[in-house]
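Me: I'd like to go through the labels on this model one by one. Can you show it and say what stands behind each term?

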Amino acid sequence: MIQQKHFEVIIVGGSYSGLSAAMSLGRSLRQVLVIDSGLPCNRQTPHSHNFITQDGEKPKVISAKAKLQVEFYDTVQFYNGLAISAIKTENGFEIKTESGKVFTSGKILFATGVKDLLPEISGFADCWGISILHCPYCHGYEVKKEKTAIIANGEMGFEYAKLISNWTKDLRLLTNGKSTLTLEQTQILLKHKIEIIEDEIESAEHENGNVQQIIFKNKEKVEVKAIYFRPPFEQHCPIPETLGCEVNEQGLLQVDPMQKTNIVGVYASGDCTTQMRSVAIAVSTGSFAGAVINKELIDEDFN
């Protein structure tokens, strides 16, 4: 049970980036509250990769171990729930939770991630994070040389196909409708034996999230073992924008090199701030943000 209401720092989001920031701040003897609703974006992903010392581990195992280690620092407390609003006050910020609890702090760090907006394709959501993937650096090795499809079009489709061809040559680009590739892009992909299919997609047949084949609306089929897709997304938490935090043209929270937003006292780290979505980068930016916040608090004490 959390007794105190005021903290030096409130971290909204208790996954990899938030926990990493909490460790930095806990080791800096700061009074910290981590508010987390327990819905990380990779909760369906069976294994995490490309994070040294944790390669191949289950995401929830990594986060559980991280939380256990952060709990060692008695200045860090956890609140399991959803933060729904925040306002700027004379002395900092006031955050309200869905249950009605209100907490205050001098600084806020948002490590809230993003919400992927998946297409209305039957079976797609069941495979997301398992065999429908967004990042070859995180998952490409496990499906190397397999029959692979990319769902994309235009410039993104062209660049994505070039990238994924490093992991497999058995590759096809599904534009899910008329191709918007340029003639030159089309010729380059065909030269590299990357098939381009313009048929509209109806469904992804799978077994327990492992895709078997793509079925098109014209009833044609193509066998695949992996699909790459970069979904549009929105901020998982609307609070930063209500506080006035700027969002860039990619839909990410705009931060400077010190993880600061344009609102004094508000910081952000992890997936909500970068297109490089990986556990390793989330941990890195969270750890750095925690150190920056501690230094800011020290500087304020000496003013």
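Predicted model: local features only at pLDDT ≥ 70, side-chain atom pairs only at ≥ 80, totals over all residues.

Me: Why is α1 called roughly parallel to α2?

Reply: Helix α1 (residues 16-26) and helix α2 (residues 59-70) pack at about 20 degrees, their axes 10 Å apart. Angles under 35 degrees count as roughly parallel, so α1 is roughly parallel to α2. Axes here are lines fitted to C-alpha atoms, for helices over the stretch in contact, with angles running from 0 to 180 degrees between N-to-C directions. Helices are DSSP runs of H or I with at least four residues, strands are E runs of at least two, and both are numbered from the N terminus.

Me: What makes the pair of α5 and α6 roughly parallel?

Reply: The axes of α5 and helix α6 (residues 183-191) cross at roughly 25 degrees and come within 11 Å. That makes α5 roughly parallel to α6. Their crossing is left-handed. On the α5 side the contact (heavy atoms within 4.5 Å) is made by Gly-154, Glu-155, Phe-158 and Ala-161, and on the α6 side by Gln-185, Ile-188 and Leu-189.

Me: How do you know which strands pair in the open sheet?

Reply: Two strands pair if DSSP finds at least two bridges between them. Strand β9 (residues 148-151) and strand β15 (residues 226-229) are joined by four bridges and run parallel, so they pass that test. Ala-149, for one, has Ile-227 in β15 as its bridge partner. The open sheet has five strands, ordered β8-β15-β9-β10-β11, with parallel pairing.

Me: And why are β8 and β11 called edge strands?

Reply: Each of β8 (132-133) and β11 (195-197) pairs on one side only.

Me: What makes Arg-277 and Asp-116 a salt bridge?

Reply: A salt bridge is a side-chain nitrogen of Lys or Arg within 4 Å of a carboxyl oxygen of Asp or Glu. The closest N and O atoms of Arg-277 and Asp-116 are 2.8 Å apart, so the pair qualifies. Arg-277 is in the loop between β17 and α8, and Asp-116 is in strand β7, 161 residues apart. The structure holds twelve salt bridges.

How values were computed:
Residues numbered from 1 in each chain as written. Heavy atoms only, no water. Parallel < 35°, antiparallel > 145°, perpendicular 65-115°, else oblique. Left-handed = near helix turned anticlockwise from the far one by under 90°.
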